[in-house]
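Subject: Structure for you to look at

Dear colleague,

After it come notes on what was found.

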Amino acid sequence: MKKSLRRIAPAVALGFAATLSATAAHAGATLDQIKRKGELACGVSSGVPGFSATDSRGNWSGLDVDVCRALAAAVLGDANKVKWVPLGSQQRFSALQAGEVDILSRNTTWTLTRDASLGLAFTAITYYDGQGFLVPKSIKVTSAKQLRDAEICVQSGTTTEKNLADYFRRQGIRVKPVVFEKFDASLKAFFNGRCVAYTTDASSLAGIRAGEAPKPDDYLILPETISKEPLGPIVRRGDDEWFTIVKWVVYALIEAEELGVTRDNADKQAAGGDPAVGRLLGKTEDLGKPLGLDAQWAYRAVRAVGNYGEVFERNLGAGSPLRLPRGQNALWSQGGLMYAPPLR
């Protein structure tokens, strides 16, 4: 028995040492650079309502914007320490690869090819979307299957372009894609009558109809959803620590909604006795150590932008011009797909 214990002891000691090392994790080179700069460089779209867009005063808002604000609050202590870098579809990946931005939070679809071949890593899904079609009601089309021989405006360099071709090929329907490099040019062409339909993610179509259409009530989003478009923030490969931080900041916002922790009640909730809330907000356990952060990283993120439900409602839901239903983006406990791994 003594010999067995002597053999086991070194392994136990090594395991204990590894645990100690993990609890004192270094936050990684990317975060070191962010701290030196004093700001987070966030790559966003050049204007997609509900996700990342500016108002007349140049103030940014949207779900993707709030992800970066939450991240800045978590790692820098200030949600306003963000440098916004608008990026088109063609330049978004190269900008991240080149280090021009620290994170790409820009309504970008997670696909195998992008995940495996660009030297980049998707962190978490912040919105489950799907591609659809916007048409003027005047053409009296109620289904995508009625778009035979139609000219359809689409932006190049996106999954949208390939989905369009795949869908109509499967249906045996011939259409004529009209491809534009820039988002603004494609929209202008559609509203000027160059195409009878416009295709992109359904959430973007709702934003386009609400914010770009000359008369929103003159346009219809067709019922078909022709693809899966899981959207989420992306980072460069090679810095596992930064990848982990971004991922868990997103999960913290989802967990906060599940626990009923909001921007306004976070202080009151932190003073309560719920052990899960105590862990999340850094009152009873320090979940920041494994991330290389302090104990209140998640508290600051929630106080900055609210929980995931608040972020959704403000930017995409009932409190926004888009008025999109939660649908698949509801919590898993409410029939949706939003699910955070345990924060413990």
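The end C-alpha atoms of residues 39–269 lie 29 Å apart, and this span is 35% helix and 23% strand, where helices (H or I, at least four residues) and strands (E, at least two) are DSSP runs numbered from the N terminus. According to UniProt, in an unreviewed entry, these residues 39–269 carry the annotation "domain: Solute-binding protein family 3/N-terminal"; UniProt positions are given in the numbering used here, feature names are shortened, and annotations may be inferred rather than shown by experiment.

Please keep in mind that this is a predicted model, in which local features need pLDDT of at least 70 and side-chain atom pairs count only at pLDDT 80 or more, while totals for chains, interfaces and linings use all residues. Residues are numbered from 1 along each chain as its sequence is written, and side-chain values use heavy atoms, with hydrogens and water left out.

The structure holds two disulfides, a disulfide being a pair of cysteine sulfur atoms within 2.5 Å. One of them is formed by Cys-42 and Cys-68, whose sulfur atoms are 2.0 Å apart. This pair links distant parts of the chain, since Cys-42 sits in strand S1 (residues 40–44) and Cys-68 in helix H3, 26 residues apart. The torsion about the S-S bond of Cys-42 and Cys-68 is about 70°, so this disulfide is right-handed.

Helix H3 (residues 63–76) also packs against helix H12 (residues 297–305), at an angle of about 140° and with the axes 7 Å apart; axes are lines fitted to C-alpha atoms, for helices over the stretch in contact, and angles run from 0 to 180 degrees between N-to-C directions. That angle makes H3 oblique to H12, given that angles under 35 degrees count as roughly parallel, over 145 as roughly antiparallel, 65 to 115 as roughly perpendicular and the rest as oblique. On the H3 side the contact (heavy atoms within 4.5 Å) is made by Asp-66, Arg-69, Ala-70, Ala-73 and Ala-74, and on the H12 side by Trp-297, Arg-300, Ala-301, Ala-304 and Val-305.

Which helix comes within 10 Å of H12, axis to axis, and crosses at roughly 65°? It is helix H9 (residues 240–259), and this angle makes H9 roughly perpendicular to H12. The contact joins Trp-248, Val-249, Ala-252, Leu-253 and Ala-256 of H9 to Trp-297, Ala-298, Ala-301, Val-302 and Val-305 of H12.
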